[in-house]
Structures are given as C-alpha cells and as structure tokens.
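Thanks, everyone. I have one structure to go through, and I will keep it short.

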Amino acid sequence: MPASPSTARAINDRVALRLLQQEGPLTAGQLKQLTGLSRPTVADLVERLTAAGLIEVVGESGEQRRGPNARLYGIVADRAHLAALDVRTEGVSVVVSDLLGRELARASVPIADDTGTGPAVEQAVTLVERAAKEAGAERLHTVGVGAPGLIDPATGELRDSSGLPEWHRRLVAALQERLPARVIVENETNLAALAEQRDGAARDRDTFVLLWLGHGTGAAVVLDGRLRRGASGGTGEIGFLPVPGTSSLPSATDCEGGFHSLAGSAAIAELAAGHGLVATAVSPGEPEAAALVRQAVAPLSSPSPSPSPSASSGADRFLSALADRLAIGAASVVAVLDPGCVVLGGEVGQAGGEVLATRVGERLARMSPLPVEVRASTLGGGAVLRGALLTARESAQDDLFAPRSR
C-alpha cells in the first residue's frame, strides 16, 4: 500500500536530516539530487524542518548564482546537548557535545578506593553538571554511560556485580534524579566495539570480536552488524573463561583463575617483571600494562636501526609470552563464533599496535583452522567515551527526528 501523505512527509524529513548529518550543510538543490525528490517536495520539507527548529541557514554555496537556491542548510547543532560518561573503578570521565557530536567540554575526576558511596556519586554527578555548564548547555537531552559489569537486557539497568563499587549502580539513579535527561547505560566493552566499528579498527567489518585489554578483560561480539548481548546481558564476560596456565578455576563470583588471571593489567605487569621490564612512565588513569607493552613494542617497531639483541631480548620474550596468553583466550572465541576478525582493544591493545596483533595472529593461525585477522585498536581506552557519545547521539536524533503527530 502506498504511504499516506503524512507518512511520506515524515519519511522524507528523516531522510533529509540523515543526509545533513552525514554530509554536512547542503543546498536545496543538493538535497533534491541526493534524495531524488521533486523540487516542490524538497522546498516543503525545508520549510517544515526550519519551522520545527531542526535546520537553519548556515551560509551560502560557492555557486555564482545567488538567491534561495544557494542557501546552505544545516542541522541546528545546539538543539540538544549530550553527555557521555566512562565509569571506571578508579574514576569517571565525561564529554559533553552538541547534537552533531562536536565536543564542547571534557573533564575527569579520580575516585579513590576508600571513598564512600555517597561522596563518590556526588563527585561524579557534580563533574557532569560542571562539564555541561562549561559547554553552555542549559540542560542535557541524553546521557550515555559506559560502565563495567552486566546490563540487564530487560530493564537496561546495571546489575549488581561482585568486585565492582556500589557507587557505580547508585550513579545511574543519581543521574536520572538530578538531570532532566534520558540516561542510557551500556557495558563499556560493548560501547568500545561500537566505536571501533564506526570510527576505528573495524570500520570495514560487520562481524568481529573486540577483545578488551585494559585494567581488566572483556569481549564484545558484533555479528552481521548487530551487537550481541546474550540472554542475561553477559556475552563477552571472557574474564571468567577457564583457561590453561592458571593455578585455579574461576568461580561465579570471582574471575581469578580465568582468562583475567592471564590478561588483566596486574597479570601482564607481573609477566613483564619476570622478563626484567619496569614501567617508566604511566599516564594518569592508564593501566600499568599499557605502559609496559608500549615500552616493549617501541624498539621493535622503530624504523631506526635494530637495537642490540641484549637490549631487546627481554621485551621480545615478554611480547611473545603475552601473545601466547592472548591467543589462548582469542582461540576460544574464534572456535565458537568464527568472527573472521579480532580487534585487540583497550589501552593495552592500542599500545601493542601492529607488533602485538601480528604475533597473536600468527599463534591463532597455528591453533585454529578458521581464518581470522587480528587488528590493533585505533581508539584504545577512548573508545568507551566515543561509543557512549555515539549511543547518546543516535538516541537523541531518533527522538528529535521522529515524525510528530499533527
């Protein structure tokens, strides 16, 4: 059945808005060319969207002929302001942006282990409020939150997880109470995968697995372009994966003895120490393992003449042992899902770069009959904030670009 006139108008408006989002400012003539709509139809939708406060004239094209046809229309970026949070056990980072995703403010605050639940929540919420004020946002439309732990697929809430601070769960409720905004919570590794697919190492893949390597471990699964969360929201809890090389087995409440004991930051630091490596520079909030891996990789990836064997042998052996460990976890994922691509994500994956990714790939080729490409993250730890912002932006645009009843 053909669409009703009102439905057709809503579809046309949404198509035009998406084009303006993707392409940037366009003239009415360019919208006509890209949408295939008639000139009167484009003129009508431009008038509707302008009256609704969604688009505005932002300039003129470089065409010689002036007048209405040369006007450039763009989305009203400050129609809505968004925030993204990366919630870690040691602190919180926030970014505030406009509707187009342009960053307006960024801030972070460390939260010590001995900070009480109430004070920790207050520090985090105050950080968001200050960042919004700095960005000139009177109110936030949508807030995307990335946090470790399980997200209940039925309620969308962060579930109570052992080993994680209580203030994580309380923070979400506090944000909903203090901010007149929609708050969306997602597992941090899932958000990192969305960001790597949109803007990072997996831009050309609709099926891949992100292996998160930061302070802890995790995995995110994207199959046929869709993020898979599982029946209980626990897809990718690879830290609990029983693996050889540990002294015990994980339990339902503790991932020690699982893959986490091989690939968590503390385990990697211990492995590096065994090969005579010590981190000389660790950025605030960065896992020690990332600094160690970056130092080990530097002499092996440098275009300058190769260092002496004695200078690089410890780093080389460390990276080989680390690749062995990572391949054990990756091989289990590959055997079950056959993703064709594994991205080594997080701060450690980015620090290892092509050197570490190549070594893991070589080991997987020997362990599995399934072809798989191993890539290094290009976004690192920043992928969580980027993914949270993308999620908040898409939610806000879905709301604002939705057809309105007349």
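Predicted model: local features only at pLDDT ≥ 70, side-chain atom pairs only at ≥ 80, totals over all residues.

Start with R9. This residue sits in helix α1, which covers residues 5-23. Is R9 buried or exposed, or in between? Its relative accessibility is 32%, so R9 counts as partly exposed. R9 and L45 are separated by 36 residues in sequence, while their C-alpha atoms lie 7.4 Å apart in space.

R363 belongs to helix α11, residues 346-367. Relative accessibility here is 11%, and the cut-off for buried is under 20%, so R363 counts as buried. What does R363 touch, leaving aside residues up to four places away in sequence? The contacts are S320, A323, D324 and A327.

Last, the helix pair. Two packed helices are described by the angle between their axes and by the distance between those axes. For α6, residues 188-199, and α12, residues 383-400, the angle is about 80° and the axes are 7 Å apart. An angle of 65 to 115 degrees counts as roughly perpendicular, so α6 and α12 are roughly perpendicular to each other.

Which residues meet in this contact? From α6 there are E188, L191, A192, L194, A195, E196, R198 and D199. On the α12 side they meet A383, V384, R386, G387, A388, L390, T391, R393 and E394. By class, the contact of α6 with α12 has eight nonpolar, two polar and seven charged residues.

That is what I have.

Notes
Residues numbered from 1 in each chain as written. Heavy atoms only, no water. Helix = DSSP H or I, 4+ residues; strand = E, 2+ residues; numbered from the N terminus. Buried < 20%, exposed > 50% of the residue type's maximum accessible area, 1.4 Å probe, protein only. Axes fitted to C-alpha atoms, helices over the stretch in contact; angles between N-to-C directions. Parallel < 35°, antiparallel > 145°, perpendicular 65-115°, else oblique. Contact = heavy atoms within 4.5 Å. Nonpolar A, V, L, I, M, F, W, Y, C, P; charged D, E, K, R; others polar.
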